[in-house]
Amino acid sequence: MLFCILSFSYSRAQVSYGGEPLTWSNDKINWHIGYAEMPEFDVDAMLAEDEITNQYKNSPYRFAKNFYPGLNLDNAGYWHELPNGDRVWLMSVRSPGAYTLNLGFDLFYIPEGGKLFIYTPDHEQLIGAFDHRNNNADQELGTWPLAGDELIIEYYEPASHQGETQLQIGRVSHDYRDIEKVARGLGDSGSCNNNVVCPEGDPWSNEINAVAMIVVSGSGICTGSLINNAANDGHPYFMTANHCLGGSVASWSFRFNWQSTTCVGNTVGSFDTVSGATLLSSGAGSDYALLEINNGNPIPTAYNPYYAGWDATGTTPTNQTCIHHPSGDIKKISFDNNSAGSATWGGATTWRIFTWEDGTTEPGSSGSPLYDQNHRYIGQLYGGTASCSNNIDDYFGKFSVTYPNICAWIDPSCSAGVLDGYDPNTPTSNLDAQVLSISAPTGTICGNSITPQVVVRNAGTTTITSFTLQYNVDGGANQTYAWTGPLASGNTTTVTLPAIAVAGGSHTFNATVLNPNGGTDENNANDSGSSPFVMVAGGGLATVNITTDCWGSEVTWTITDGGGTQLYAGGPYTDSAPNGGGTISTDVCLADGCYDFNIFDAYGDGMYGSQWGSCSVNGDYNITDVGGNIVLQMTAVNADYGTGTTDNFCLANATSGCMDSAACNYNSSATTDDGSCVYPGCTNPAACNYDSTAGCDDGSCQTAGCTTLTACNYNASASCDDGSCTFPGCTDSAACNYNPAAGCFDGSCEYVSCQGCTDTAACNYDSTATVDNGSCTYPGCTDSAACNYNGAAGCDDGSCTYPGCMDTTACNFDIAAACDDGSCTYPGCTDNAACNYDSTAGCSDGSCIYPGCTDSTACNFDSTAGCDDGSCEFASCSCPGDFNNSGHVEVSDLLFMLGDFGCVGTCVCDLNNDGGTDTSDMLLFLGYYGNVCP
């Protein structure tokens with residue numbers, strides 16, 4: 001259900017049922033209004049409650065206090081009965097201190113002819129008219145907020161449906177947060193949020209168009225998104241959060257395109273509103289709610305809607321994007337550059353956003369969509385603690401959990417898993433010619449022929465250069481018309497067809513577009529159109545002239561035939577005080593005969609305007625025939641014909657038709673020319689001198705073709721040039737001088753000047769070359785000493801790596817070596833005096849052992865010797881203790897031993913060869929004391 005809002009501070013686009021409240025223009029009545037005032041309440045207490053509730057974003061962002069007054073047509077307001085029996089009901093609702101007010105009707109039924117308006121006392125803001133087209137199965141209606149603390153409700157009820165209307169104001173919502181930004185600036189959300197119009201939002205323009213802000217039950221704010229269905233038909237399925245529900249969704253309102261026009265700041269452009277929804281499915285397991293909005297009709301394409309794709313597989317995304325309305329602010333976009341986690345939050349299965357890298361969410365973001373890196377819907381915001389000051393932890397109900405509960409609507413097979421988005425404004429076919437409309441013939445046509453006009457649109461992506469129109473009247477013999485272009489994607493052309501003679505009566509003109517670009521149309525669903533019309537053959541034009549008093553809006557009229565069938569109608573007209581609205585003339589086409597002219601006045605005073613002090617004129621009316629003769633004249637005194645009167649008039653003795661003998665459709669019996677004449681000319685659309693207005697062919701058609709002698713397709717029989725000439729050139733696409741426009745080969749092709757290396761990655765890339773001759777050489781290592789030497793490389797790319805010892809146990813291990821060159825040397829004994837000297841050792845490992853006496857019986861036995869050096873001697877130890885070799889072990893030897901006592905290592909007095917001279921040696925010496933050596 002769509003309704004109209006007149007802007008008070010910024011523009012709103014909408015579908016409106018039009019009109020203006022009767023009380024705004026009618027000052028003949030002293031209008032009385034019934035008043036109802038809502039009680040005071042503690043705003044600070046509500047704000048304090050909100051502060052607590054808003055911490056976790058798991059409820060709608062409350063901005064209004066709801067009152068439930070139950071005001072209806074019987075217990076409130078004031079009825080005014082008009083002289084013609086119609087009635088007007090007036091009611092004022094006040095809530096002191098409100099920034100805005102919005103209403104919820106919990107009983108809403110309007111019969112045909114009834115009109116409901118809601119406006120502010122200063123007439124600056126108006127929504128409506130609501131009428132029978134707004135009726136719905138729930139019998140409810142919610143309105144968008146209007147600024148100020150007072151609203152006037154005005155209902156017009158026609159006498160013919162008196163007592164049938166059911167209206168009750170069940171809710172009055174008092175805005176205490178200034179959600180419409182009447183008294184404060186935009187931008188109440190945190191400063192870390194990004195306007196969607198900023199460059200980072202550019203890749204997400206489609207998904208941005210899918211998101212809308214919701215006014216929940218008149219007092220709360222949530223966010224949601226349109227989602228696509230498998231039929232790709234723009235059915236308005238809308239996803240939001242289960243926790244946003246409460247009460248009937250029939251009174252919810254949805255605001256699309258509520259966003260800034262600039263990246264920095266809050267310059268609001270136009271936005272669009274839809275009211276009313278039906279709840280299809282909801283659940284706490286993933287905190288979801290699937291709605292059908294706009295009474296199931298696609299959102300108007302003028303809103304630029306987008307139906308988001310989705311992923312129900314549950315695959316973990318690599319990064320996530322959220323589009324939302326934080327704190328009811330203009331639309332924002334937030335980014336998480338890391339993979340989401342899985343978590344249970346509030347009993348629901350969710351995606352967990354650990355940290356937002358750019359942007360955040362806030363209360364009012366509830367229900368906002370989470371999209372994955374593939375731009376597909378994967379969940380809606382349940383809650384969390386993220387904010388600009390603490391940008392961690394948000395939780396989105398998983399769409400993979402939701403999907404089984406809603407697939408009956410969005411994917412009846414329940415098997416798709418993944419679906420891309422749908423943009424109703426984007427062509428889905430390459431070649432698609434569409435009959436957009438038929439602008440003629442329509443309505444009633446006075447004469448004997450029609451000149452059809454068909455509007456054709458290029459609904460595909462490929463430019464259309466030709467098509468054929470096939471057309472007929474009443475399904476009769478088809479005629480064809482060849483059209484040539486070009487017609488770019490999305491553009492339209494109006495094709496005027498030759499005149500067709502048609503008999504009197506009701507008819508239907510049919511047209512079909514065929515063979516775009518000589519090929520097959522990829523979408524046949526939009527190829528045809530038809531237009532009903534009535535031909536009044538032999539009829540003539542008559543003119544109805546109405547001169548209004550100051551209240552033209554009260555005046556209407558009809559013309560009926562003898563059987564009471566309405567043929568024409570006019571009015572109402574514009575109010576204009578004090579001098580009236582002037583004369584309005586309307587042409588009608590009527591065959592010879594008699595008719596009734598019926599004129600009405602909604603107030604019941606005819607057009608007797610001068611009886612009122614605010615008006616200085618009375619009205620008048622008459623009807624004239626085609627010759628200007630008056631065939632009917634008002635006779636009411638002072639123009640006061642009351643609520644209505646009927647006058648009879650006749651048209652006779654006039655045969656209408658074409659009176660020009662040079663015309664194709666000359667009518668020798670016509671006495672009145674009806675302007676229908678069509679003249680001879682060339683009717684062949686392929687001819688140079690084709691005349692789209694010609695009614696018959698006069699044989700003058702000239703053959704079109706190429707008239708240039710040097711052209712490939714020169715046509716000697718052509719009498720006019722049609723611009724089709726093509727000229728010689730090189731037709732070989734492999735040649736340097738290839739000419740795609742050439743129509744025939746002239747032998748000029750050459751293949752050398754443009755040859756070269758065309759690969760930009762090559763060393764010898766030639767930017768002037770257009771034909772690759774295979775000469776490209778590529779970068780690599782050009783050092784022959786390197787491990788990765790590339791003999792085919794044309795230039796060095798710095799990638800060379802070099803040989804060395806690659807054995808980590810070697811003395812000369814080279815950590816930078818890329819290949820082993822056999823140069824490794826290993827540790828060993830490097831002292832050539834050692835027994836185990838290793839001439840191949842590259843470094844010493846401390847293993848050297850040295851020569852000595854290795855005979856343990858020798859006096860000079862060396863236990864550490866690694867090899868024997870021939871130094872062993874046995875004499876010095878043949879008389880133990882005779883250290884001075886005197887032949888006796890005596891005092892001099894004792895003194896010698898005392899001098900060696902305490903020696904460690906190789907010691908002269910080490911009698912027991914234990915590596916030192918100590919007490920044990922002294923005891924041995926005492927045993928030898930006194931010996932005489934042999």
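Helices (H or I, at least four residues) and strands (E, at least two) are DSSP runs, numbered from the N terminus. Residues are numbered from 1 along each chain as its sequence is written. This is a predicted model, in which local features need pLDDT of at least 70 and side-chain atom pairs count only at pLDDT 80 or more, while totals for chains, interfaces and linings use all residues; side-chain values use heavy atoms, with hydrogens and water left out.

**Confidence**

The predictor's confidence in each residue is given as pLDDT, from 0 to 100. For the protein chain the average is 87, and 95% of the residues score at least 70. Where pLDDT is low, the predicted coordinates should not be read in detail.

**Salt bridges**

A salt bridge is a side-chain nitrogen of Lys or Arg within 4 Å of a carboxyl oxygen of Asp or Glu. By this rule the model has eight salt bridges. Side chains of opposite charge can pair when their charged atoms come close.

| Pair | Distance |
|---|---|
| Glu-49 and Arg-62 | 3.0 Å |
| Arg-94 and Glu-150 | 3.5 Å |
| Arg-133 and Asp-131 | 2.6 Å |

Glu-49 is in helix α1 (residues 43-53) and Arg-62 in strand β3 (residues 61-62), 13 residues apart, and the pair links distant parts of the chain. Salt bridges that share partners join Glu-49, Asp-50, Arg-62 and Arg-177 into one network.

Burial is stated by relative accessible area: buried means under 20%, exposed over 50%, and partly exposed in between (1.4 Å probe, protein chains only). Glu-49 is partly exposed at 43%, as is Arg-62 at 24%.

Arg-94 in strand β7 (residues 87-94) and Glu-150 in strand β13 (residues 150-157) are 56 residues apart, and their pair also links distant parts of the chain. Arg-94 is partly exposed at 30%, whereas Glu-150 is buried at 18%. In the remaining pair of the table, Arg-133 is partly exposed at 44% and Asp-131 is buried at 6%.

**Two buried residues**

Ser-531 is in strand β41 (residues 528-536) and is buried, with a relative accessible area of 4%. A polar atom of the Ser-531 side chain lies 2.6 Å from the backbone oxygen of Pro-441. Beyond four places in sequence, the contacts of Ser-531 include Ile-438, Thr-442, His-507 and Phe-509.

Cys-805 is in the loop between β62 (803-804) and β63 (819-820) and is buried at 2%. Cys-805 and Ile-815 are ten residues apart along the chain, and their C-alpha atoms are separated by 8.2 Å. Among the residues in contact with Cys-805 beyond four places in sequence are Ala-810, Phe-813, Asp-820 and Cys-824.

**A surface patch**

Patches are made of residues with over 30% relative accessible area and no salt bridge; like charges are joined within 9 Å and nonpolar side chains (Val, Leu, Ile, Met, Phe, Trp, Tyr) within 5 Å. Accessible areas come from the Shrake-Rupley method with a 1.4 Å probe; for residues, only the protein chains shown count as cover. Val-891, Leu-895, Leu-898 and Tyr-929 form a nonpolar patch on the surface, together having about 380 Å² of accessible area. Tyr-929 is in the segment after α5 (919-928) and is partly exposed at 38%.

Terms used: A polar contact is a pair of N or O atoms within 3.5 Å; within protein, one must be able to donate a hydrogen and the other to accept it, and residues adjacent in sequence count only if both atoms are side-chain atoms. Contact means heavy atoms within 4.5 Å.
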